[in-house]
Amino acid sequence: MAKKKVALLLADGFEEVEAMTPIDFLRRAGIEVTVLGVDTDQPTGGHGVTVKTDGRVENPPRELDGVVIPGGMPGATNVADSEAAQALISELYEADKLIAAICAAPAMVLHPLGILDGRKATCYPGFEKELTQAEFTEERVVHSGTVITSRGPGTAAEFSAAVIEYLLDAESARKVVSATLQPFSA
C-alpha cells in the first residue's frame, strides 16, 4: 500500500493548535504531510508562532490523497483569497480526495467553493451563518463523504484522529490518540 500524502495549508493568521496537531498526529500515523505556505514560506499564526513550510501552495506535491485546512482569522480568509489554494482544494475535491477543514475554514474556505452544499458540516461558533447551503450541526467533528469539518482548537485532536481514520483505519487513529493520552471515541 502506497504511503498516504496530504497537504496542509498555512497562511498568516492561522490557528496554531489546529495546524500543529494535525501535522503531528498524521505524521505519527505514517501519513506524509507537506506543509504548504499561502503567499509566504514562513507564515505566522494568530498567536505569534512562525512556521517554515515545506513549499508553496503554487507548487503542491503530486498524487495527494487530501488537504487539511486549519482555521484561525485572518488565516482562513487568507487561504480563501488565494487562487492557488482555491485551485488545489477544488482539484482534490473534484477527484474525490479528502477535504478536511477546522474552525473558520469550513465557512470561509469550503463554503464559497460549494464544497459544503447539501452536506452536514460544522465550524467555529459564529461562523455557522455563512454555511447557508450546508446542514449545520454543533457536533465536534463531522464526516460527510470525502469532507471532514470540525469546530475549533479544542477539537483538533479529534479532527486529526478522524483524518487518520479516513485515510488509514480506526486502529491507526486509536494508536496515535492513545500514545498522546487523548480520549478516543470512534
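**Exercise 1.** Does Cys-123 count as buried or exposed, and at what relative accessibility?

Solution. Begin with the cut-offs: buried is under 20% relative accessible area, exposed is over 50%, and partly exposed lies in between, with a 1.4 Å probe and protein chains only. Cys-123 has 0% relative accessibility, so Cys-123 counts as buried.

The model is predicted: local features need pLDDT of at least 70, side-chain atom pairs count only at pLDDT 80 or more, and totals for chains, interfaces and linings use all residues. Residues are numbered from 1 along each chain as its sequence is written, and side-chain values use heavy atoms, with hydrogens and water left out.

**Exercise 2.** Find how many disulfides the structure holds, and explain the result for Cys-103.

Solution. Step one: a disulfide is a covalent bond between the sulfur atoms of two cysteines. The test applied here is a pair of cysteine sulfur atoms within 2.5 Å. Step two: searching the whole structure gives zero disulfides. Step three: the closest cysteine sulfur to that of Cys-103 belongs to Cys-123, 8.5 Å away, which is too far for a bond. Cys-103 also counts as buried, because its relative accessibility is 7%.

**Exercise 3.** Describe the surroundings of Glu-15.

Solution. Step one: locate Glu-15 in the loop between β1 (5-10) and α1 (16-28). Helices (H or I, at least four residues) and strands (E, at least two) are DSSP runs, numbered from the N terminus. Step two: list the contacts (heavy atoms within 4.5 Å). Leaving aside neighbours within four places in sequence, Glu-15 touches His-47, Pro-70, Gly-71, Gly-72 and Pro-153. Step three: check the charge. Lys and Arg count as positive, Asp and Glu as negative, and His and the chain ends are not counted. A salt bridge needs a side-chain nitrogen of Lys or Arg within 4 Å of a carboxyl oxygen of Asp or Glu. Glu-15 is buried but has no salt bridge, and the nearest side chain of opposite charge, Arg-140, is 13 Å away.

**Exercise 4.** Which strands are joined to β1?

Solution. Step one: strands pair if DSSP finds at least two bridges between them. Step two: β1 runs parallel to β2 (residues 32-37), with six bridges, and Leu-10 stands opposite Gly-37 in β2. The path from β1 through α1 to β2 is a right-handed β-α-β crossover: with the strands pointing away from the viewer, the path from the first strand over the helix to the second runs clockwise. Step three: β1 is also parallel to β4 (residues 66-69), through three bridges, where Val-6 stands opposite Gly-66.
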